[in-house]
Amino acid sequence: MTGSLGRRLILRALWREKGRALLAMLSVALGVSVFLSIRLANRAAVASFEGFANGVGQGSDAVVRAEVGPLDEAALPRLDAIRDIAWVRPIIEGSFYRARSKEAFQILGTDLVGIGNSVDSAAPAQSGSAPDPSLQARFFESIQNSDAVMISGAFAKSDHLLPGAAIQGFVNERPVTLHVAGILLDAPGRPALQRNLLVMDLPAAQETLQRPGQLDRLELGVREGASPQQLDSGLRGMLPKNWVLEAPEQRASSGKTMTAAFRFNLTILSLIALAVGAYLLFQAFDASVNRRRETWATLHALGCEPARVLRFVMAEAALLGSLGSGLGIFLGWLLAQGSVRSISQTVAGLYGASSATHANLDPGEGLLAGAIGFLVCLLAAWIPARRAAHTPPVQLLARGGETKPTRWVLFTLTGLALTGAGATLAFLPTLPPGVAWHAYVASVLVLLGGSLASVGLMPLLGAPGTAARGWNARLALRPLRRPTGRHGFAAAALAVAVGMATGMGVMVQSFERTVQTWIGGNLRADLYLAPLGSVGAASQHRLPGALADELAADPAVLAADRFQMLPIHLRGQETLLGAGDFLVHAQYGHVAILGAEDAAPILLQMHRDGVAHVGAMASETFSRRFGVRVGDGMDIPTPDGLRHLSIRAIYADYGNERGSLIVDRPVFYQWFHDERCASVALYLKPGQDRALVAQRLGQRHAGLQVRSNADLREQVSFVFRQTFAITYALEIIGLAVALAGLVQALLGLAMARRGEIWTLRALGASEGEIAGVLLGEGLGVALAGTLGGLSIGLVLAQILVRVLNPQVFGWTLRFSLPWGFLALLLGLALFSATAALLPAARWAARLNADREAEEGA
Amino acid sequence: MAILEGHGIVRRFGSRAVLQGLSLAVEAGERVALLGPSGCGKTTLLHLLGGLDRADEGEVRLDGEDLAAATPKRLAQLRREKVGTIFQFFHLIPTLTARENVELSLQLLRWKPEAIRGRVDELIRAVGIESRAEAWPSELSGGEMQRIAVARALAAKPLVLLADEPTGNLDRASGESVLALLKDLTDRENTALVMVTHSESAASLCHRTLRMLDGRIVEGSL
Amino acid sequence: MIRLPVAAFGVSVSLMIGAQTPASTPDGFAVARPGYRFSFPRDHGSHPEYRTEWWYFTGHLWSLDGKRRFGYQLTFFRQALPKKAYSGSASWGSDQIFLAHGTLTDEGGKHFWVGERLNRGGLTANSATDHLAVFNESWKAEQDAGGVIHLHLSVPGAGLDLTMQAPPRPVIFGEDGVSRKGADITASSHYLTFPRLSSSGTLKLANEAPMPVSGTTWMDHEFSSNQLGEGQVGWDWAGIQLRDGRSLMAYRMRKSDGSQDPFSIMYDVDKSGRITRRTSEFKVLEQGAWTSPASHTRYPQPLTFEAWGERFKLVPILKDQELRTARSTGITYWEGACRVLDASGKEIGDAYLEQTGYAHSLKGRF
């Protein structure tokens, strides 16, 4: 009964109007797919970090590290007693740079013989079959060769590597050749092995990394019959000084922090698509319900209760919603495969090797995205559905039902109020560092409010139509004076898309300009040398002290500033302790110190104070994260115990999000006995040819990269472009979706003006002239949306630059207004709007009058 | 020579043949009434005569020109210059004032603004809506709207005026006044008039009455 | 631990006459040769120039009130890897691998604990070369300056610490310090035993207070570079400690056709540690079987050894004392504490019985 009626009313109607149904489905699908794809790609990139942290073996219950620096393996026997209840896995890590493919790899060294002790006792027993001699030989290979590595299945496959193959590259700046001893296969039920992971036997890794006797961490897991609490309490008593116990979550969280900047971009963007899609859905359903208003009116008249009518409409929405969501999930998965590579590359470039090559369809994410799409669909249909259900039939049939003008004054005022509220929320309160919820909420308010207020731009744009002489101008502009729901939705959706694009774009530009200025101002050395493959703070490549000495002694060099970086645990957080040559820096370099003009006197003072009264520079991010200011003191863990220092200056640094604390080199050496450095900055003697010197040094040391200030700036630009490439792509998608909505709106508007179009044709207006009128109206909507969006974008950019970035990452950016970018965006939006609207306008110009109405006689 | 001719016009919509080989001729200045039941194809015929639709078979000639051979551009031009149309539901552009609606025809012909002003004033006086010239269609009564439609249709001094149930939506008084206006104005300019109507009193204003049934002319002289 | 075949004594000596025993194996390891001069405590330590070595402790323990009876096994095994130019670092050696098996049997609680370890020579496992001091993670066997051996064994749910005083010299099996295994001249080992060590210490079981225990331990120490003889699929070994003070060691090798290998041997050692008799003419009677539910291996038990007119029936104190050592050696075998009954059924002593080759042939394992 209801079934067949439902089938006829809903399914048949949808089938006959496939185009409309398809459009609604696609709106859902697009929103869902973009949202899902970003979340999936995000997950994959993050998982690859956590994969690194988890290493090769089974998950552990606890991790032991040194507070600062490496663990001395000689102290390992002190933990012997804990081995009754827990297995212990020693780990050392380092970086390997493969020259041929310019890829960064992570070397993980662990005791390959002892690793069996931590295998799950539920693992199938080997008894019953004689050991495979080739397996044994392989095993001996991996522990009896100092250059043997086990590679991941993914790496072996992608590069066609077999056991015995050679892999050439650099460790620190030393050329190193490794040989494949075996291929690690993925264990069922465990996360896939990182592609760029090279596993070595521990002594071989220590030798290759030139770190004899050192370990980076110990992983511990309880044996059967013991509990993690026992492990915890047992360990605390026996840990040597400077060794700390870390819970595994802390490890994973460091990976999460490293990608926070990136992930935040993506998450915000994933919401645009959804927002824009939602707007379109509202419009699509509004139009759809309206078109069928005769059907609903007839049902009413025949005595069908409102509730039933409502159910019909909602059933239609549910059907479209589920089909659209399903399609969206599939498209989203597809899209994720494409974006994960680019995200992975970016993350690898910024933070070190990441190897996600494909994004699995996580069922949870798929369901979430699908559910959101479905719910938005239902929500979008709810309001028009209720209207259709409860409006008396007569009114439903009334001719002007579709074109009732909207209460734009209300929307505009509400919109402005929301925008104002958002701006107030963002800028007024001062919250502790790391807290940014207010900025996120404010952004949403500004987006929502701005899009509503954009509706109010249309009457403004339509104003000239009142006094216009030409009929084209009158007919194109005057409808804008009384915008309908269709006008409003389309303009609002476009405003959101343009707003996000503008906001992000301006923020990125500001960011890039700030960093470029910083580089230009602060990096004054002639040449910067670092091991090949060291990018960003995550690199573990280091130059030996002897090499740095050699570089400093080069006849062309006036002074050398050696920079070393050490990851350190301070107050429970991970950060960096660095060392620089303050004397050299004071004489030749430049540091932008906050609140002071010249850094030289401060640097010189710190140099003179030496170890007796240690002073340090803290980066802006550091000072925000740890809440320290000039004059504050800090205790730093060293292998020989805690040492005290005082903060003498805060400087601007955009190099990393963890913050850094810099001390003078002699102090660093006294504390850590570490002569290596991460990079060397060379100041050349006057008259020296920078390019020639660079070339000479590069040739002599194949494992070094030699860059000039200009090179660094170019690299920064490259990194920025890569980082934000994905956001640009997504913004374009958002714009495309909004434009689709614009076209849909224009078609709807044209349908509503069928009578007029008919009249004009009867009066002898040409198709082109009529199309021009419709196009003009459409462009008016587009312009309102674009201008509204640009305004939203500027406010958004202010929030991002002035509030979000400082709160989340701790650095100050200078807001710069990229006029060129804005003009480009405006032009692009209008151009694409025209291109999209033109065919639609031409098609609409050929519409015939409502046949039924005219056939009355 | 007939100003408007049709020979053997056939027009089908899907499988339904609305006009089945219809022929007629209208002389310059002649007023012809088309009577017939609903659905007999009167409106369709009107559309074909005005070049708003194409016949499937047969021939329609306007001022000697074969409409079937005309391009859409030419048809539009013809409609601008030689044909005026009045509809049952008025079809005034809602975003234009009464005056602006009348101006529309002449703007389409790209007349100069001063010329337009003069002619429009004249027409407004002729149809008697001076006091309502600046009003919006939503503010006008049915009779007023139809007068404006008449003014708009006759603005360019067309050869033929096609009227589809001009009094269909008006009360008797307004209807009669509009009919009187039509007779007066078409007489003055020697404009031919083909009027689809139900009303006998409307038909009585015409020189000839044709009756249609099932897509053919069944009564009245050709 | 797995016990490797001990060469027959008198039978093979004649074969040695005229044959030159080479000093080392083709891959460079030392061969166990006659004329080896033992010196202690040095030879209780490790001999890395030989490929294989183990220290094997089994024992019977009772609570102080005698009501609870336990058995234990702790074996440290050293295996040298093929000689290569690179041998890792001092802390993480790639030239020696140390394995260990440890078990505990609780007769009353009907529980059998097993643990195994596999580590490389270096920080996590090693053995001294100048005295007995071998460890594998927290398990250790060490002899102090006073000659007292300290053992530590821990398995999930149980931990054992024992001390035992060792006599100055062990029993040395074989002829002229060498124990032959098979026809091949280089298949030989140096084999030392303390068949009876009075032991005492503490047993800590989960959810119980530490329990003082005492009893007797049998210790073996063997090092060689070449193992199994031809055609052998497995063996049954027993270390028997009789109440009258004698100790018996029985070693039956089984051939693929099921028959007893002529290299099988049985020794009788008196109270003072002197070998009084030996024979290859002994019988092993099988009077039943136990099948392991885990590995579905059928072990003939109880076993009765018959020699010199005497009978020794070994009845396990707990049926399931099977080791399935997936992680270390990959071999499944049965090794457990037994009661020894004479022909009339009277309890006359204790023994540890080892049965290998029932789950699978040992061919290719050693």
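A residue counts as buried under 20% relative accessible area, exposed over 50%, and partly exposed in between, with a 1.4 Å probe and protein chains only. The model is predicted, so local features need pLDDT of at least 70 and side-chain atom pairs count only at pLDDT 80 or more, while totals for chains, interfaces and linings use all residues. Residues are numbered from 1 along each chain as its sequence is written, chains are lettered from A and ligands numbered from 1 in the order in which they are written, and side-chain values use heavy atoms, with hydrogens and water left out.

**View 1. Trp308(C) and its loop.** Trp308(C) is partly exposed because its relative accessible area is 26%. Trp308(C) sits in the loop between β21 and β22 (310-316) of chain C; helices (H or I, at least four residues) and strands (E, at least two) are DSSP runs, numbered from the N terminus. Although Trp308(C) is not a glycine, its phi is positive, about 55°.

**View 2. Two cis peptide bonds in chain C.** The bond from Gln301(C) to Pro302(C) is cis, with omega near -5°. Pro302(C) belongs to the loop between β20 (298-299) and β21 (303-307) of chain C. A cis peptide bond also joins Phe40(C) and Pro41(C), where omega is about 15°. Pro41(C) is in the loop between α1 (10-16) and β1 (52-63) of chain C.

**View 3. Chain C as a whole.** Chain C has 25 strands and 1 helix. Of its 366 residues, 60% count as buried. Among contacts (heavy atoms within 4.5 Å) in chain C between residues at least 6 apart in sequence, 58% join residues at least 24 apart.

**View 4. The interface of chain A with chain C.** The size of an interface is often given as the accessible area lost when the parts come together. Here 35 residues of chain A are in contact with 30 residues of chain C. The two chains bury about 2800 Å² between them, 54% of it on carbon and sulfur atoms. Val113(A), Asn117(A) and Gln144(A) supply 23% of the area that chain A buries against chain C, more than any other three residues. Buried area is the accessible area (1.4 Å probe) that two parts lose on being put together, summed over both.

**View 5. The second largest cavity.** A search of the whole structure finds 8 cavities of 30 Å³ or more. A cavity is a set of points, on a 1 Å grid over the protein atoms alone, where a 1.4 Å probe fits but cannot get out; lining residues have an atom within 4 Å of a point. The second largest cavity has a volume of about 90 Å³. Of the 14 residues that line the second largest cavity, the closest to its centre are Val88(A), Asp111(A), Gly114(A), Asn117(A) and Asn119(C). Strand β3 (residues 86-98) of chain A gives the largest share of this lining, 4 residues. A volume is the space filled by probe spheres set on the grid points, which are joined across faces, edges and corners.

**View 6. Helix α16 of chain A.** Helix α16 (residues 471-481) of chain A has as its buried residues Trp471(A), Arg474(A), Leu475(A), Ala476(A), Arg478(A), Pro479(A) and Leu480(A). Within chain A, the elements they pack against include α14 (457-462), α15 (464-467), α17 (485-522), α25 (754-763) and α26 (767-809). Helix α3 (98-108) of chain B is also among their packing partners.

**View 7. Ala98(B) in helix α3 of chain B.** Ala98(B) has its place in helix α3 of chain B and counts as buried because its relative accessibility is 1%. Leaving aside neighbours within four places in sequence, Ala98(B) is in contact with Arg132(B), Ala133(B), Ala135(B), Leu140(B) and Ile148(B).

View 8. Phe330(A) is in helix α9 (residues 306-351) of chain A and is partly exposed, with a relative accessible area of 47%. Phe330(A) and Val32(A) are 9.5 Å apart, C-alpha to C-alpha, and 298 residues apart in sequence. His673(A) is in the loop between α22 (665-672) and β19 (679-684) of chain A. His673(A) is not a glycine, yet its phi is positive at about 50°.

Key: 1 Å grid on protein atoms, 1.4 Å probe; cavity = no way out; pocket = protein on both sides within 12 Å on 5 of 7 lines; lining within 4 Å.
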